[in-house]
Amino acid sequence: EKIGQMTQIERHNASSAVIEKYFVGSVLSGGGSAPSEKASAATWQEMITKMQKAALSTRLGIPIIYGIDAVHGNNNAYNATIFPHNVGLGATRDPDLVKRIGRATALEARATGIPYTFAPCVAVCRDPRWGGCYESFSEDTKLVQLMTSAVIPGLQGDVSTKHPRGVPFVGGSKHVAACAKHFVGDGGTHHGISGNNTVLSFHDLMRIHMPPYYDAVIKGVASVMISYSSWNGVKMHENKYLITQILKEKMHFRGFVITDWQAVDKITTPPHKHYYHSIQETIHAGIDMVMIPFDYPEFVADVQAQVMRGAIKMDRINDAVSRILRVKFAMGLFENPFPEHSLAAQLGSKEHRELAREAVRKSLVLLKNGKGRKDGKPVLPLSKKAKKILVVGTHAHDLGLQCGGWTKSWQGQAGNGITGHGTTILEAIKSAVDKKTVIDYSEHPDKGNVSKNEDEYDYAVVVVGEHPYAATAGDNLNLTIPGPGPEVIRKVCELVKCVVVLVSGRPLVVEPYLDTIDALVAAWLPGTEGHGVADVLFGDHGFSGKLPRTWVRSVDQLPMNYGDKLYDPLFPFGFGLTTKPADRWEWADHDMTLWASR
């Protein structure tokens, strides 16, 4: 029964018979794992209710805790609101906004009956070549701390000043248990390679990567997920010093520590080699809950055998189970184990979509606005009363590309049908401009046609960027704009006054095209609410976003971060031009000492 509490299995395997036989303590949906295609909130609730009934029928009747990666909204669920990824939220410098997004995400998770999310990612990404960099708020530790301290109370509810430090807190059925991840140094690996080695002194690890976890613990975070990466050659999943002595003992963390997906297997090369020994090392290091989506029979048998022969101490098992039960009690699962049907309407609600739209417009960073081209006048905001405009690019009319990774599936995917609702940037432009304005749209424009009509276009909006990805598959050593983006920029911007909207999870190499571009906007991965982009392009709201990361000239400069002695970026950390609504604009104050107050 105790080993069962420490076991988290994938939804596919979580039949009533399995839950009852193995006394399963937790179930998860992996990226893209849903009860059915386009499952409704009611369908999710029915599935979890069935699992919960099976758990409650066991001898002790301990409810399961169901977890999911709701990392920018409840992104596995059809019709959910998809918010900008963390890199975009870092650009807002608005902790109140981030807290409200946390609260909305919690409600949309609860709408599907899910009380636990593997979020937030509190990584301090020091190298944008890492495929998980968009899940990081910033390269700057203080900015990550600021956002961590906001999003966790949004997800879990506000802890009182008298709440004991490190004790998990979840403020009722409209909030969820959160999970700070990935402990620790996942954003500092060599060359930004996922799961690679973070080579740092203890002092620098504590200075750069650990502070957000202090904030998470103070805010009562329910769980902490361990990173696939290593620190100075030691895999984090077997690092007893950092997990037990630092996190649990020195930082007084009283929630539970959970592995990443199949991470016990990945301690060795090849994976699953010496699995028996890996289990022992992992649990002794301080892991409490083990994410073993498929191999749970082997895991349970191995742990039981090792406990019986004394290789795994019973005190360690009891500590793990105590922490898991502490979180379940804090969540109120024993009193209210079943989903609340009344919350189903929260999924994709109008209020949440308006919040996401606000987040989009606050996250956009204006990098160039006319300086250096012809008369040098600002291009933005654009006129709504233009006679004829050109909208081009792969990302102009594709919600999947607009949302990025961790949308419907782990790696994300292209297409307008994947989210259930949403507004593409093209649709938002059509909605914003005058009814008499003619809009020519082409995903892959022909240069001859553009040249033939160039005198008729008032301006062009070019929307290009990265295709969806997540960590590992998204690791990228060159950071160039994927094709046909560069070709589209050259075809259009050499002929027509143009605004380039770059949709990406990180800064990309743009210097070769800057002289051709009249205005450049970093849109990050904005999510479903494309109206937020049009709101700022057309001056209903001003640009206010500031770079959460250093924008390098080329990958040869990496790693390069704000505060380095040798610092020669294309655009520095904190850079961002501002505009006023309508046709007023001004240059931003780039004083790095002022970013927090902004």
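Please keep in mind that the model is predicted. The chain is divided into domain 1 (1-346) and domain 2 (364-571), and the two bury about 3200 Å² between them.

**How the two domains meet**

- The centres of domain 1 and domain 2, taken over C-alpha atoms, are 34 Å apart.
- On the domain 1 side 41 residues take part in the contact, and on the domain 2 side 42 residues do.
- Of the area of about 3200 Å² buried between the domains, 51% lies on carbon and sulfur atoms.
- Three residues stand out on the domain 1 side: Pro128, Arg129 and Glu139 supply 22% of the area that domain 1 buries against domain 2, more than any other three residues.

**Helix H5 against helix H13**

- A pair of packed helices is described by the angle between the axes and the distance between them.
- For helix H5 (residues 95-111) and helix H13 (residues 350-363), the angle is about 145° and the axes are 10 Å apart.
- H5 and H13 cross in a left-handed way.
- From H5, the residues in the contact are Leu97, Arg100, Ile101, Ala104, Leu107 and Glu108. They meet His352, Leu355, Glu358, Ala359 and Lys362 of H13.
- Sorted by class, the contact of H5 with H13 is made of six nonpolar, one polar and four charged residues.

**Phe256, in a strand**

- Phe256 is part of strand S10 (residues 256-258).
- Its relative accessibility is 0%, under the 20% limit, so Phe256 counts as buried.
- Leaving aside residues up to four places away in sequence, Phe256 touches Ile65, Tyr116, Ala222, Ser223, Val224, Asp288, Met289, Arg323, Ile324 and Val327.
- His85 is 171 residues from Phe256 in sequence, and their C-alpha atoms are 26 Å apart in space.

**Leu325, in a helix**

- Leu325 sits in helix H12 (residues 314-331).
- With a relative accessibility of 21%, Leu325 falls between the 20% and 50% limits and therefore counts as partly exposed.
- Gln5, Ile62 and Phe334 are the residues that Leu325 touches, again not counting those up to four places away in sequence.
- Gly255 is 70 residues from Leu325 along the chain, and the C-alpha atoms of the two are separated by 9.2 Å.

**Backbone spots worth a look**

- As background, most residues other than glycine have a negative phi, and most peptide bonds are trans.
- The peptide bond from Lys181 to His182 is cis, with omega near -5°. His182 belongs to strand S5 (residues 179-183).
- A cis peptide bond also leads from Gly483 to Pro484, here with omega near 5°. Pro484 lies in the loop between strand S15 (459-465) and helix H17 (485-493).
- Thr472 is found in the loop between S15 and H17. Although it is not a glycine, Thr472 has a positive phi of about 75°. Its relative accessibility of 54% is over the 50% limit, so Thr472 counts as exposed.
- Asn79 is not a glycine either, yet has a positive phi of about 80°. The loop between strand S3 (65-68) and helix H4 (86-92) holds Asn79, and with a relative accessible area of 30% Asn79 is partly exposed.

Definitions and conventions: Residues numbered from 1 in each chain as written. Predicted model: local features only at pLDDT ≥ 70, side-chain atom pairs only at ≥ 80, totals over all residues. Heavy atoms only, no water. Helix = DSSP H or I, 4+ residues; strand = E, 2+ residues; numbered from the N terminus. Buried < 20%, exposed > 50% of the residue type's maximum accessible area, 1.4 Å probe, protein only. Contact = heavy atoms within 4.5 Å. Axes fitted to C-alpha atoms, helices over the stretch in contact; angles between N-to-C directions. Left-handed = near helix turned anticlockwise from the far one by under 90°. Nonpolar A, V, L, I, M, F, W, Y, C, P; charged D, E, K, R; others polar. Domains from an automatic or database assignment. Buried area = accessible area lost by both parts, 1.4 Å probe.
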